[in-house]
Amino acid sequence: MISKRNSMVVYAVDRSLLLSASILRFVCLFFLSLIIISPMTGTFFTFIQFHWGKAAFFGNVLLAGVMSVYLGRTNILLVENKAESIVLILLTAGSVYLYMQYSPSLYLAQDPSIYLLKAFNLVNYGYCYKPMHIYSGFIAENIIEPMAEYTNGIYYEMPNVYADFFPGSSFFYSLFGMVSKNMIFYAQTAMMTVNAWLLYFAIKKTAGIRHIAAGNYTLMFLAAPVIVWFGRGSFTEPAALVYLLLIINTLNLDRQYPFFLSICFLSSYSSRIDYLLLMLLGVFLISYINDKAGFIYTVAVICEILLYKSTYVYYYGRITTVDMPLLQYDIVLVLIAFAASTILLKWKKELLYSLFYSKAVKYFVAAAGILCFCLIFYNNAVSAEEYRLELIHGKMLRTYQEEILDLLFLVFPSIVLSLGLVGMYKLIDKEKIHFTTSVFIVGAGIVYLYLLFGSSNSPQLYWMLRRYYNNILPICVLAFCCLFRSLKKEPYYLLAAVCMALSLNMYLDSGQIVDFKGLDQSTAKLEQEIKAQGYHTVYFLQRDMRAISPLFTYSDLEFVPVHPQELIYFKQEKDQFDFTNALFLVSDLFVNKTIEDHFWQMELSYLKLGETYGEIPKEVYEKSVSLLGCSMNKLLSSKGKPIYPLLVEKAKGIDGDWTLAEAEISFSQMDVSSDSELVFELYEYDHKYIDQKDIDGLQLQVIVNGKYLLEMTSYKDYKFKFSLNNVKRAGEEMNHIKITCNTFCPADVGKNDARNLGIAVKEIYVQ
């Protein structure tokens with residue numbers, strides 16, 4: 001009786017585990033379907049300027065539901081037994097734990113954050129380019145020169161300002177945001193959980209590894225500090241990783257699905273532009289599986305390229321002219337790949353098969369892996385900048401080779417990375433790995449090794465793991481698993497456990513488990529104060545985007561970025577606009593230098609996980625931002641004290657932050673008192689004369705209104721002060737400043753800048 005009862009309990013537990021794993025599988029397939037569908041539909045809506053709204057939200061959910069039901073009938077992510085159920089449940093729980101530990105506050109510190117900004121715009125306004133696209137219409141004609149300024153993927157083109165990025169994950173994020181704004185950041189967690197399942201099955205199917213070892217290697221990958229860092233941030237790499245692993249899983253199926261495989265390849269292009277190279281591989285593979293599907297896919301690729309070229313003009317141009325010039329010939333490359341695959345596969349299919357499995361190809365791949373691994377330690381091969389020994393802020397702290405070796409151990413278990421790279425030839429195995437799978441993995445590895453060493457970013461991006469961890473690392477993990485799959489059961493499990501423990505240890509030591517909630521609390525408190533004062537619209541300077549950006553997280557308020565010259569336009573045309581419930585917000589750049597009497601002040605304080613050269617990605621530091629708020633009506637009705645950049649109407653001889661040998665600025669009339677001083681505050685950049693303490697050699701002269709040469713009263717800590725007594729005695733108001741000084745050329749000291757520069761002006765104001 002006891003034995004029977006025990007067997008019933010065991011059976012019930014087994015059934016519960018299998019049912020739980022099956023439910024988790026369906027959830028993963030649903031999210032996977034959303035990731036595939038959302039970027040393509042989102043791009044199409046962006047192209048036709050369709051406002052993304054509830055209809056599109058429910059449409060995507062419906063399509064994802066249908067696709068997940070279809071995928072549920074295939075062998076993709078199929079759970080086979082109780083032991084595998086346990087492994088996948090633990091991997092799911094581990095992924096959620098690893099990637100949910102961050103503050104749901106937007107901080108626009110790097111380019112990929114623009115994706116999240118666009119996602120918030122989709123949720124708030126129904127269109128990804130608002131408010132940036134709309135509010136810059138306030139700019140008067142010719143105030144801003146076309147393409148005069150761009151940064152972080154944001155650029156001006158009269159009369160609008162754009163954040164011209166591929167949608168990437170934006171549309172997937174926005175689906176979460178339509179349920180709740182606070183959930184928008186946890187779309188990343190869903191992606192990484194999907195990646196956990198995909199990587200597990202990719203390792204299991206490709207390398208023929210049993211579930212426990214495959215689970216250990218998957219956790220090793222997910223817990224590596226560099227993966228946690230970028231998997232948890234507002235980046236598109238997790239979405240790119242989804243496509244790479246999804247394609248490998250699809251190719252590993254006993255039956256091939258050319259139509260679904262085509263969708264995977266096409267959607268991957270929505271994630272990263274460099275995935276065009278994977279789409280070229282798709283031309284070959286899909287044609288190999290089905291020649292008619294290959295033709296249809298090739299036509300679809302060309303159409304998608306044309307769509308993206310006309311939808312994301314600036315980003316496309318930047319990538320194809322700066323980062324990857326080869327992609328300028330995208331359509332030509334597609335046609336060449338299709339022609340080559342058609343010729344080879346129609347008449348020489350057996351020859352192609354035998355050639356790929358020849359010893360010559362294996363030797364070539366092995367030699368390429370060894371060579372690339374060796375080149376990691378030879379900086380001239382991987383860096384156009386030629387870092388030599390000056391690695392960390394110009395100090396020769398260690399050799400390049402020591403730096404790279406240290407970073408290899410820091411960011412990922414180096415034995416997996418190095419042996420996986422060297423052992424990539426093991427992926428060519430006709431007995432163990434499908435032909436199409438093997439061709440794709442080896443092809444993707446070679447393609448991205450080329451990009452890795454052609455990108456000129458090592459070692460600052462720690463051997464380019466940041467940009468290409470979604471390609472190189474998973475392939476290295478698969479190659480590593482294949483390299484040791486012939487071991488006996490016990491040593492193999494031991495090796496997998498040791499690798500997992502090493503990765504977990506580095507994660508626990510990386511300082512990434514921190515409390516980020518201070519930012520959430522600060523932003524929520526500030527929003528409450530703004531609302532309590534009756535403000536509904538918040539204007540802020542475009543240059544303060546990074547400081548103000550955390551406010552986008554929770555706010556139901558409308559945040560409007562403006563250029564300093566727009567403030568002049570608002571002031572001149574004040575009667576045309578209703579600023580009754582509008583607030584003007586500035587960062588600490590203007591503390592004590594604006595109209596302090598009308599401002600209230602508040603601090604935003606929080607922890608930030610940062611990047612440095614030597615502690616990657618380990619550093620956690622305190623971030624504090626002072627914010628000042630003022631009624632727009634008060635701001636526009638007061639003459640105020642700031643001059644540059646707030647009040648500038650016209651400027652000549654200023655290039656970025658720097659003046660040239662001669663610069664002039666014109667601004668609104670400003671009254672001065674007898675004890676007033678004109679203050680020039682400079683950026684603490686390298687200045688030849690200032691750094692050499694040769695202030696006289698700088699020959700800085702300031703002339704007001706074209707006739708009053710000001711007397712310099714003091715200089716200290718990048719701050720010049722000039723007396724305004726002669727201007728006051730003449731009874732005039734200031735409206736024009738001319739600046740002349742000696743210049744220097746950064747190129748003379750080895751920098752890549754041939755301009756002749758004067759001083760880097762941060763602010764000019766009267767005090």
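This is a predicted model: local features need pLDDT of at least 70, side-chain atom pairs count only at pLDDT 80 or more; totals for chains, interfaces and linings use all residues.
Residues are numbered from 1 along each chain as its sequence is written, and side-chain values use heavy atoms, with hydrogens and water left out.

View 1. Cys481 is buried, with a relative accessible area of 1%, whereas Cys303 is partly exposed at 46%. Buried means under 20% relative accessible area, exposed over 50%, and partly exposed in between (1.4 Å probe, protein chains only).

View 2. Ile475 lies in helix 23 (residues 472-483); helices (H or I, at least four residues) and strands (E, at least two) are DSSP runs, numbered from the N terminus. With a relative accessibility of 1%, Ile475 counts as buried. Neighbours within four places in sequence being left aside, Ile475 is in contact with Met424, Leu427, Ile441, Ala444 and Gly445, where contact means heavy atoms within 4.5 Å. Leu427 is 48 residues from Ile475 along the chain, and their C-alpha atoms are separated by 9.4 Å.

View 3. A nonpolar core is a set of buried Ala, Val, Leu, Ile, Met, Phe, Trp, Tyr and Cys residues joined through side-chain atoms within 4.5 Å. The largest has 149 residues, of which Tyr217, Leu427 and Phe440 touch the most other members. Helix 7 (residues 187-207) gives the most to this core, contributing 14 residues. Residues up to four places away in sequence not being counted, Phe440 touches Leu244, Ile247, Ile248, Leu251, Phe265, Leu278, Leu281 and Leu285. A second, separate core of 31 residues includes Tyr644, Val702, Val704 and Ile737.

**View 4. Helix 11.** Of the 11 residues of helix 11 (residues 258-268), 10 are buried, and the helix is mostly covered. Among the buried residues are Phe260, Cys264, Phe265 and Ser268.

**View 5. Packing of helix 8 with helix 9.** The axes of helix 8 (residues 211-223) and helix 9 (residues 225-232) come within 5 Å and cross at roughly 65°. Phe221, Leu222 and Ala223 of helix 8 make the contact with Pro225, Ile227 and Val228 of helix 9. The axes are lines fitted to C-alpha atoms, for helices over the stretch in contact, with angles running from 0 to 180 degrees between N-to-C directions.

**View 6. Strand 12 and its two partners.** Strand 12 (residues 677-682) has five of its six residues buried, so the strand is largely enclosed by the rest of the structure. Strand 12 pairs in the antiparallel sense over five bridges with strand 16 (residues 719-723), and also in the antiparallel sense over five bridges with strand 18 (residues 761-766). Two strands pair if DSSP finds at least two bridges between them. Val679 has Lys721 of strand 16 as its bridge partner, while Leu678 stands opposite Val766 in strand 18.
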